[in-house]
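Please work through the exercises below with the sequence and the structure at hand.

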Amino acid sequence: MTTLSARISQSMASGSRQLLSGIQPGEWLSQGKQLLLPLVGILVFLGFWHLAAPQVETSLGAFPGPVQVWEQSGQLWQEHVSQRERADKFITMQEERNARILADNPEADVRIRDYPGAPTFLDQVVTSLLTVLAGFALASLIAVPLGIVFGLNRYFQAAVNPLIQIFKPVSPLAWLPLVTMVVSATYVSDDPMFEKSFLTSMITVTLCSLWPTLINTSVGVAAVNPDLLNVSQVLRLSFWTHVRKVVLPSSVPMIFTGLRVSLGIAWMVLIAAEMLAQSPGLGKFVWDEFQNGSSQSLSRIMVAVLAIGFIGFLLDRVMLLIQRKVAWNE
Amino acid sequence: MSKPHLELTGVEMAFDTPKGPFIALDNINLKIQKGEFVSLIGHSGCGKSTVLNIVAGLLQASRGGCVLDGHEVNSPGPERAVVFQNHALMPWLTVYENVELAVRQVFRKSMTRQERKDWITHNLELVNMAHAANKRPGEISGGMAQRVGIARALAMKPSVLLMDEPFGALDALTRAHLQDSLMEIQQELNNTVIMITHDVDEAVLLSDRIIMMTNGPAATVGEDLHIDLPRPRNRVALADDAKYVHYRQEVLSFLYEKQRKLESLNSRRGSSAKPEAPAAKHSASA
Ligand SMILES: Nc1ncnc2c1ncn2[C@@H]1O[C@H](COP(=O)(O)OP(=O)(O)OP(=O)(O)O)[C@@H](O)[C@H]1O
Ligand SMILES: [Mg+2]
């Protein structure tokens, strides 16, 4: 009964929105606020941190304030740079030696060994990023097609729903031992393409981050507007065309919502898995520093904490950008 | 009389409900000639959409059937194109792409790429929408979207055009405008059209025949009124044409005297002259 009036007011609202979209007097103000308020929040937080940190005494000295943490991040960068220089020297030395050997004997079998030094903080960040992206990509490759199948078929959905509900809340820490054992038992190769630790972390990430994408995709697919399904039937679209042209585009917004949640979970899970399994990455960095127990450890861990948060934020932003590019309703 | 183009014989429709089968339609018989413009009118919930969906092939009659040009209808197909009440355009495709989806599907083999392109543009021009070809449905008004929905249906070159309250959700001015375009297009293409409407004026103005349905459950054809008015028709000139007024009177008396719906009259605001209340089902989904 309200359809007509609702429609009219709707169209009027969209009309006035269009009119206003040229210049909006309030926009400058709100943009200023958008920048200013977060800045104020961060400054207040830093101030509070600076004042409160020295009050907290630990066995490793006072809790680091923002200044120490800032210094420590510079320190970590310096370590990375000098480590790189040493690694470069190590490699060029080998190359020169190999060149000499080859000059004497062209048949000689020469090799270059990797630099044996410990990975730096930045190396660990890169490792973590690669692992999380690989695990997330694998999870998406599994979850999106499966979600489409579940969403298309009510019976299938009913059959697997209990399984999804049970596996979804499982903590990564519970999967980890199982994944570790299975990976070491099944991935045996003389010249492995991937490190076992990489595979373990990646698969754990996949297992834990699969679910939001799977569930959102199937919900999105099941919720395609019935009118559009009728159009597809009237046009006699083939199954594949139907999926490609109607189902998939229609559920893209839901799929992306799922993907963003999944990526967030993937990142959290990865850090925990790396800590527990001692696989290379940021999680291991944190754990090593904790075990190390030097006077700088807490600041270094704090740098890692901030880096983890910042990277998680960036990952979400990147997903948001992709979503804006791909989804029609943005 | 020639063999009918479209024929419904003894159509019964029973829906399974938790309380047992619900007989919506009972013994519907209808013969429609090629090029006829037929309106279905009746109170909300009597089963108009069900009839249309059976012809479209989106629903299967539980008894009886529908024959189009000698072939039984048992699945949907582009030769029975449907214009839906809420345009049903894909929101992620542009106006052009929406029509293209249909044209490519139907004329994949019989038209070259260039021919298809011209055909899409031609149909958009027919409904005066070529200027918005690259807009998305979200960026155009409801009336414009509805015109694109009609262009998409026409572009399939259907032998029957089925329209379920195509103008129900539009304001009166846009509606009048689209009715005029539809009359012109139909004059030109001579399509067979079945249109559902709640609007008595719309039915009399557009149709060659008005099928009035009795109230459900077990609804059937109540009266079959032939509208013998010369075309092209002009809404202003017809307003006090004696024949027009008479036809209008016939339909009104069927709806409000013979098939009077007490509960609906009491509960509905301002429905005395012109029943326009959209179906509860549709407003919920809108
Ligand atoms: N899938 C279904 N299951 C059960 N009952 C149904 C179903 N579809 C329609 N009906 C019932 O059949 C009857 C006719 O429905 P229909 O949608 O054809 O009415 P209508 O004449 O198009 O009404 P409106 O003018 O409100 O659109 C209604 O009583 C409705 O409740
Ligand atoms: Mg209806």
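The model is predicted: local features need pLDDT of at least 70, side-chain atom pairs count only at pLDDT 80 or more, and totals for chains, interfaces and linings use all residues. Residues are numbered from 1 along each chain as its sequence is written, chains are lettered from A and ligands numbered from 1 in the order in which they are written, and side-chain values use heavy atoms, with hydrogens and water left out.

**Exercise 1. Describe the interface of chain A and chain B.**

Solution. 

Step 1. Begin with the residues in contact, where contact means heavy atoms within 4.5 Å. Chain A contributes 20 residues and chain B contributes 32 residues.

Step 2. Consider the buried area, which is the accessible area (1.4 Å probe) that two parts lose on being put together, summed over both. For chain A and chain B this is about 2,400 Å², with 66% of it on carbon and sulfur atoms.

Step 3. Search for salt bridges, each a side-chain nitrogen of Lys or Arg within 4 Å of a carboxyl oxygen of Asp or Glu. One is found across the interface of chain A and chain B. The partners are B:Glu79 and A:Arg236, whose closest N and O atoms are 3.9 Å apart.

Step 4. The elements of chain A that give two or more residues are helix H1 (3–20), helix H8 (226–234) and helix H9 (239–277). The largest share, six residues, comes from H8(A).

Step 5. Sort that side of chain A by class: it has 10 nonpolar, six polar and four charged residues. Here Ala, Val, Leu, Ile, Met, Phe, Trp, Tyr, Cys and Pro count as nonpolar, Asp, Glu, Lys and Arg as charged, and the others, Gly among them, as polar.

**Exercise 2. Count the salt bridges over all chains and examine three of them.**

Solution. 

Step 1. The count over all chains comes to 16 salt bridges. Side chains of opposite charge can pair when their charged atoms come close.

Step 2. Take A:Asp316 and A:Arg260, which meet at 3.1 Å, N to O. A:Asp316 lies in helix H11 (residues 297–326) of chain A and A:Arg260 in helix H9 of chain A, so this pair ties together parts that are 56 residues apart in sequence.

Step 3. Classify accessibility: buried means under 20% relative accessible area, exposed over 50%, and partly exposed in between (1.4 Å probe, protein chains only). A:Asp316, at 25%, is partly exposed, and A:Arg260, at 24%, is partly exposed.

Step 4. Turn to A:Glu289 and A:Arg300, whose closest N and O atoms are 2.9 Å apart in a salt bridge. A:Glu289 is in helix H10 of chain A and A:Arg300 in helix H11 of chain A, 11 residues apart. A:Glu289 is buried at 7%, and A:Arg300 is buried at 9%.

Step 5. In chain B, the salt bridge of B:Glu7 and B:Lys31 has its closest N and O atoms 3.5 Å apart. B:Glu7 is in strand E1 (residues 6–17) of chain B and B:Lys31 in strand E2 (residues 20–32) of chain B, so the pair ties together parts 24 residues apart in sequence.

**Exercise 3. Count the disulfides over all chains.**

Solution. 

Step 1. A disulfide is a pair of cysteine sulfur atoms within 2.5 Å. The count over all chains is zero.

Step 2. B:Cys46 is in no disulfide, and the nearest cysteine sulfur, that of B:Cys66, is 18 Å away. B:Cys46 is buried at 2% relative accessible area, and B:Cys66 is buried at 2%.

**Exercise 4. Describe the surroundings of A:Thr200.**

Solution. 

Step 1. A:Thr200 lies in helix H7 (residues 196–222) of chain A and is buried, at 6% relative accessibility.

Step 2. Leaving aside neighbours within four places in sequence, A:Thr200 is in contact with A:Leu176, A:Val179, A:Thr180 and A:Val183.

Conventions: Helix = DSSP H or I, 4+ residues; strand = E, 2+ residues; numbered from the N terminus.
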